[in-house]
Amino acid sequence: PSGALHFDDLVAAEQKIEPRDWMPDAYRKTLIRQIAQHAHSEIIGMQPEGNWISRAPTLKRKAILLAKVQDEAGHGLYLYAAAETLGVSREELVNLLLEGRQKYSSIFNYPTLTWADIGAIGWLVDGAAIVNQVPLCRCSYGPYARAMIRVCKEESFHQRQGYEILYTLSHGTPEQKAMAQDAVDRWWYPSLAMFGPPDGDSTHSEQSMAWKIKRFSNDDLRQKFVDMCVPQAEILDLRIPDPDLRWNKERGVHDYTQPDYAELMRVIKGDGPCNRQRMEHRRSAHEDGAWVREAAAAYAQKKADAKKK
Amino acid sequence: PSGALHFDDLVAAEQKIEPRDWMPDAYRKTLIRQIAQHAHSEIIGMQPEGNWISRAPTLKRKAILLAKVQDEAGHGLYLYAAAETLGVSREELVNLLLEGRQKYSSIFNYPTLTWADIGAIGWLVDGAAIVNQVPLCRCSYGPYARAMIRVCKEESFHQRQGYEILYTLSHGTPEQKAMAQDAVDRWWYPSLAMFGPPDGDSTHSEQSMAWKIKRFSNDDLRQKFVDMCVPQAEILDLRIPDPDLRWNKERGVHDYTQPDYAELMRVIKGDGPCNRQRMEHRRSAHEDGAWVREAAAAYAQKKADAKKK
Amino acid sequence: MNDLALADDALIAAQRLAEWCSRGPELEEDIALANIALDQLGTARLLLTRAGAELGRTEDDLAYLRTDREFRNCLLVELPNGDFAVTMVKLLFLSAYQKLLYETLAPEDDIAAKAVKESAYHLDHATLWVLRLGDGTEESHRRAQQAVDDLWPYTHELFEPPFEALREGWSVTVEPVLAEATLARPEDRWRPTGGRAGVHTEHLSRLLAEMQVLHRAHPGATW
Amino acid sequence: MNDLALADDALIAAQRLAEWCSRGPELEEDIALANIALDQLGTARLLLTRAGAELGRTEDDLAYLRTDREFRNCLLVELPNGDFAVTMVKLLFLSAYQKLLYETLAPEDDIAAKAVKESAYHLDHATLWVLRLGDGTEESHRRAQQAVDDLWPYTHELFEPPFEALREGWSVTVEPVLAEATLARPEDRWRPTGGRAGVHTEHLSRLLAEMQVLHRAHPGATW
């Protein structure tokens, strides 16, 4: 069909596909799945960090953290909006999440045990997210690409905040420094796992590359992340918990230990430390809000009916 | 009737009336009301102290406080049992409490704001309770008198524990001493009010005296309590918050400022700081437990049915 | 005016509102509640800093190292969140009061001047929701009325001397909202009080235990 | 055997059980739960004192001045109380485990010897209730089964090395109770762990915040 030709031309020419353009069904489905998963991740990701808002150690940190978690809700909002341009409703997507038929990033199935985890999430998790997401700003689907530009800008702000938390801790009391190191020890490998399975085992990837949804392989992005973290860890005066981490002169990158992909698979399958807790939290928030949403709808209907008369 | 003569004789002879003895309806009703109110007070009284179990400052204090609150549940239990000998069921009485048709001691409508309140409740509130209750050990109704003997023994143990908490605080850091004084400042007048309105305004009293349910007037008991507290406060090195408190040589007792009886009436009527909270707590515990009680009953029924076969 | 009372109102309100984070009835509301919490927190920080300057203490000293007996907030803000109706009715009552109070202090007081605008937004938001809930479904009406009945007594404390004069303006703001929301205005009976004198409900010390735990566990640390 | 792990199991269990105080489904149960909490607390104190002796620390130092990363309790005991079914199923699982463990330590270990008898009582009590709930009403069965399903995964942690051998005895105790209570024994799949290494759920630090707040607010004070 001429639509298909046009689509291929646009993608080849690094032009954007827009909602009203013809696109292959599989492209649409892939995008819906990916954008929805991304949106769900923002929403579920509010929980581990939200866990420390009430206990933030200063009012300034409390304000920063609350604003950050609020930003995540905002990201969720415009990612759902981007997905909606592909012909699904937010409600459908939320239901798919609640029924466990769509995923969110596995990283949020780890608990935040101390304040330093807020720093480590900012530095490592947001850092990994940025490495993953910057290429998505050039994604072939226009609404997604534009959403990602906004998301990335805020994420890099968040990453700096997390880095700053860790820096303060690692230059604070011995207890604070230990807390920071402990957090990095726990979050390092799960952050590496955020880039997904090694390229050999990655499904979906090739087609996504061809469609210019994805630009780099999982392993390339992971390498980029490691190379980015090493000098930062030095300034932070924190140790990356990998005895085999070292500069490889020949390759011009760092050698590093792979994360435990079997663990990643278990967590994706639902058996991480907090999968049940995160889903239960989301489900009960959704259920507890049902009467509120119904009230808002009923009120809007009454007002609309009154206008008609 | 001969029953009435017998009843009067027994009362006059300081003998006990037992459940199967004839007794005037009004006597029965008065006792039911009084014993039930007393039982309810034990149950509601678990809340203000229970509020600090999770936060007790040492494990020893936690154990002592938990055991104390447990004792209160025990007191409630045998007071309900004493009331049941008069032909009402515990369930009826609990419902009367939950419907707000029977009262509990107003003192439990004040909040426990600091750990020192646990000391002040032990010293003052349990102290006042003992002064009130010791004469009840000689009450004309046997089951009540016997329950009170047991209650009083434990209460005086509790009072000593409260006294000891305050003593430790008042001889501790300046913050602890201030905390202890603050608690005494807040609990002193409500404790005085525990003896009820002044004799002139007291209903029920005369008849209860004649029946030997009550042995001393409200004001006599209050005086006794004040005289008991003054020397103890000196040892505690805590000030009783009454500038007019002084020894009256002629009367051989202390002069003291009366509590605010208008406040007492407001609290009795339901408008104390915590009336709503206490009742709401009790109601929701009762409702939350309904399915458990139903399950226990259903299981017992099944077992009984199985035996019959 | 006592900066500390106003600051504590805002701080405790922020702490309670932030408890909603990731628990709102819809995503937009999560964002709105966080916004309002951030506004309250922002005002609290400015007021605490000003109050602390006189006492040689920082905002964090005042927020994290006082006990509940030293907090001066009204009881209304420390009550548990309850359901969404309780939160919104509470916000209606609080923001109508804060707006009036800040208006009387502005424009001389620059913190109040900034806070007036924010309060107006909080009031609008709460008003919108009280209308929706009161005039929404049977269930939402029942919950909203229950919230109004439960919280109304706590509004008396806001207008204790020297603020008796503000009550009328507050009623003029709040009562028409209740009426339009088909919610009955309760009788004036019970008048719980004590917050301004540091005699709080049992809820505040638990709220502070959570809020202060980390700060207190590391005396003198920088964060 | 690590006294600290056992002590922390008992201490955290006591703290959770004590939360039921004044909230039990009936008065007798309020008393029973307090009794069990007191037993657990008593054992915790003895074990902490013994563990502390080696470290030059008191029972209160260990209870009040460690962070959640330093606690060694199993995850099972720190989970929120949930409804009465969750509490009773948890107690069934815990007391069956504690009884076995104490039995293996007794009679040489006098603390364990004392605790065996108490655990037997806790186990009886929990057994009775699990039977009643499982084989009671439709609702109680549903809740009990849900509790069993939710808590079962956390029992694996109890039998990590070097305690693998205890699992069989535990199953012999627990599974017939479930069967008689008409409750299905869940499959062995998810195996959450970490407690013994100080990697807990997000619940523990909140529990400790409340438990430790007063003690920490007054460093060095005597109570």
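Q: Is Ser22(C) buried or exposed?
A: Here buried means under 20% relative accessible area, exposed over 50%, and partly exposed in between, using a 1.4 Å probe and protein chains only. Ser22(C) has a relative accessible area of 4%, so Ser22(C) is buried.

Q: Before we go on, what kind of model is this?
A: Residues are numbered from 1 along each chain as its sequence is written, chains are lettered from A and ligands numbered from 1 in the order in which they are written, and side-chain values use heavy atoms, with hydrogens and water left out. Local features need pLDDT of at least 70, side-chain atom pairs count only at pLDDT 80 or more, and totals for chains, interfaces and linings use all residues, since this model is predicted.

Q: Where does Ser22(C) sit, and what is its phi?
A: Helices are DSSP runs of H or I with at least four residues, strands are E runs of at least two, and both are numbered from the N terminus. Ser22(C) is in the loop between helix H1 (3-18) and helix H2 (27-55) of chain C. Ser22(C) isn't a glycine, yet its phi is positive, at about 75 degrees.

Q: Which loop of chain B holds Lys212(B), and what is the phi there?
A: Most residues other than glycine have a negative phi. Lys212(B) lies between helix H8 (205-210) and helix H9 (218-236) of chain B. Lys212(B) is no glycine, but has a positive phi of about 60 degrees.

Q: What is omega for the peptide bonds Ala106(D) to Pro107(D) and Pro161(D) to Pro162(D)?
A: Pro107(D) is in the loop between helix H5 (84-105) and helix H6 (110-134) of chain D, and Pro162(D) is in the loop between helix H7 (138-155) and helix H8 (166-180) of that chain. The bond joining Ala106(D) and Pro107(D) is cis, with omega about 0 degrees. The bond joining Pro161(D) and Pro162(D) is cis too, with omega about 5 degrees.

Q: Which residues does Lys68(A) touch, leaving aside neighbours within four places in sequence?
A: Lys68(A) belongs to helix H3 (residues 59-84) of chain A. At 5% relative accessibility, Lys68(A) counts as buried. Taking contact as heavy atoms within 4.5 Å, the partners of Lys68(A) are Glu49(A), Ile121(A), Gly122(A), Asp126(A), His158(A) and Gln161(A).

Q: How many disulfides are there over all chains?
A: A disulfide is counted when two cysteine sulfur atoms are within 2.5 Å. For Cys139(A), the closest cysteine sulfur is in Cys137(A), 9.6 Å off and therefore too far for a bond. Cys274(B) isn't in one either, with the nearest cysteine sulfur, that of Cys21(D), 17 Å away. Over all chains, the count is zero.

Q: How much area do chain B and chain D bury between them?
A: Buried area is the accessible area (1.4 Å probe) that two parts lose on being put together, summed over both. In this pairing, 45 residues of chain B are in contact with 47 residues of chain D. Carbon and sulfur atoms carry 68% of the buried area, and the total is about 4000 Å².

Q: Which residue of chain D forms a salt bridge with Lys302(B)?
A: A salt bridge is a side-chain nitrogen of Lys or Arg within 4 Å of a carboxyl oxygen of Asp or Glu. There are two across the interface of chain B and chain D. In the one formed by Lys302(B), the closest N and O atoms are 3.0 Å apart, and the partner is Asp135(D).

Q: And which residue of chain C meets Glu210(D) in a salt bridge?
A: Chain D and chain C bury about 540 Å², with six residues of chain D in contact with six of chain C. The count between these chains is two salt bridges. In the one with Glu210(D), the N to O distance is 2.8 Å and the partner is Arg206(C).
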